[in-house]
Amino acid sequence: MDVSRLKQKITQLCQQRRKQEDIILAALDPLLKGSIVTVYQKCSRSECKCQKNEKARHGPYLYLHYTGAGKQKMVYLKPGLKSQASEWTYNYQRFRGARADIVKLNARILKLIDQLEKTMTKELKSNDQKSKKNKRKKS
């Protein structure tokens with residue numbers, strides 16, 4: 001790839017990175033790590049039909065599932081908290097997605113910068129060699 005094309009590609013990737021940075025910087029609402037899951041449970045009564053029939057289990061109950069201190073945990077969500085918890089988990093997922101995109105974009109930008117350096121260095125060497133040849137011819 002030539003120098004101008006490399007610079008153009010780096011500029012495009014930097015613009016993409018800026019969009020992801022804007023997502024992170026615009027995150028005003030709280031972030032809630034985890035996922036909302038629906039659980040159907042057995043009760044403790046041995047004569048209840050939920051003990052034998054999986055389709056007869058009690059629920060649905062909503063829980064926030066997350067990992068904390070290296071352990072998976074679930075916290076019960078009261079019915080009125082579902083929409084708020086959904087919004088906050090979405091905010092977290094969007095935030096983390098933007099962060100992951102920035103990491104990938106940075107890696108691509110650094111590779112292109114390395115290519116740019118090699119390309120420009122080769123051009124300087126080749127120009128330097130031409131000037132040496134021209135000096136030899138003049139002498």
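How many residues apart in helix 1 are R18 and D22, and by about how many helical turns are they separated? In this predicted model, R18 and D22 are four residues apart in helix 1, which places about one helical turn between them.

**Close-up 1. Helix 1, its span and its buried residues.** Helix 1 comprises 23 residues, and the distance from its first C-alpha to its last is 32 Å, close to the 33 Å expected at 1.5 Å a residue. Along this helix, the residues that count as buried are V3, L6, I10, L13 and Q20.

**Close-up 2. The salt bridge between R18 and D22.** The side chains of R18 and D22 meet in a salt bridge in which the closest N and O atoms are 3.2 Å apart. Salt bridges that share partners join R17, R18, E21 and D22 into one network, and the bridge between R18 and D22 belongs to it. R18 has a relative accessibility of 43% and is therefore partly exposed, and D22, with a relative accessible area of 37%, is likewise classed as partly exposed. Side chains of opposite charge can pair when their charged atoms come close.

**Close-up 3. E21 and its two arginine partners.** E21 forms a salt bridge with R18, where the closest N and O atoms are 3.3 Å apart, and another with R17, where the N to O distance is 3.6 Å. R18 and E21 are three residues apart in helix 1, about one turn of the helix, whereas R17 and E21 are four residues apart in helix 1, a separation of about one helical turn. An α-helix has 3.6 residues a turn, so residues three or four places apart point the same way. E21 is partly exposed at a relative accessible area of 25%, and R17 is partly exposed at 23%. In total, the model contains three salt bridges.

**Close-up 4. The aromatic pair of Y63 and Y76.** The model contains one aromatic pair, formed by Y63 and Y76 in an edge-to-face arrangement, with 5.6 Å from centre to centre and 70 degrees between the planes. Y63 belongs to strand 2 (residues 58-68) and Y76 to strand 3 (residues 71-76), so the pair ties together parts that are 13 residues apart in sequence. Y63 counts as buried because its relative accessibility is 14%, whereas Y76, at 41% relative accessibility, counts as partly exposed.

Close-up 5. Which cysteine holds the sulfur closest to that of C43, and how far away is it? The closest cysteine sulfur is the one in C50, at 3.6 Å, which is too far for a bond, because a disulfide requires the two sulfur atoms to lie within 2.5 Å. The number of disulfides in the model is accordingly zero. C43 is partly exposed, with a relative accessibility of 23%, and C14, at 28% relative accessibility, is also classed as partly exposed.

Terms used. Residues are numbered from 1 along each chain as its sequence is written. This is a predicted model: local features need pLDDT of at least 70, side-chain atom pairs count only at pLDDT 80 or more; totals for chains, interfaces and linings use all residues. Side-chain values use heavy atoms; hydrogens and water are left out. Buried means under 20% relative accessible area, exposed over 50%, partly exposed in between (1.4 Å probe, protein chains only). Rings of Phe, Tyr and Trp (its six-membered ring) pair if their centres lie within 6.5 Å; planes under 30 degrees apart count as stacked, over 60 as edge-to-face and the rest as tilted. Helices (H or I, at least four residues) and strands (E, at least two) are DSSP runs, numbered from the N terminus. A salt bridge is a side-chain nitrogen of Lys or Arg within 4 Å of a carboxyl oxygen of Asp or Glu. The expected span of a helix is 1.5 Å times one less than its number of residues.
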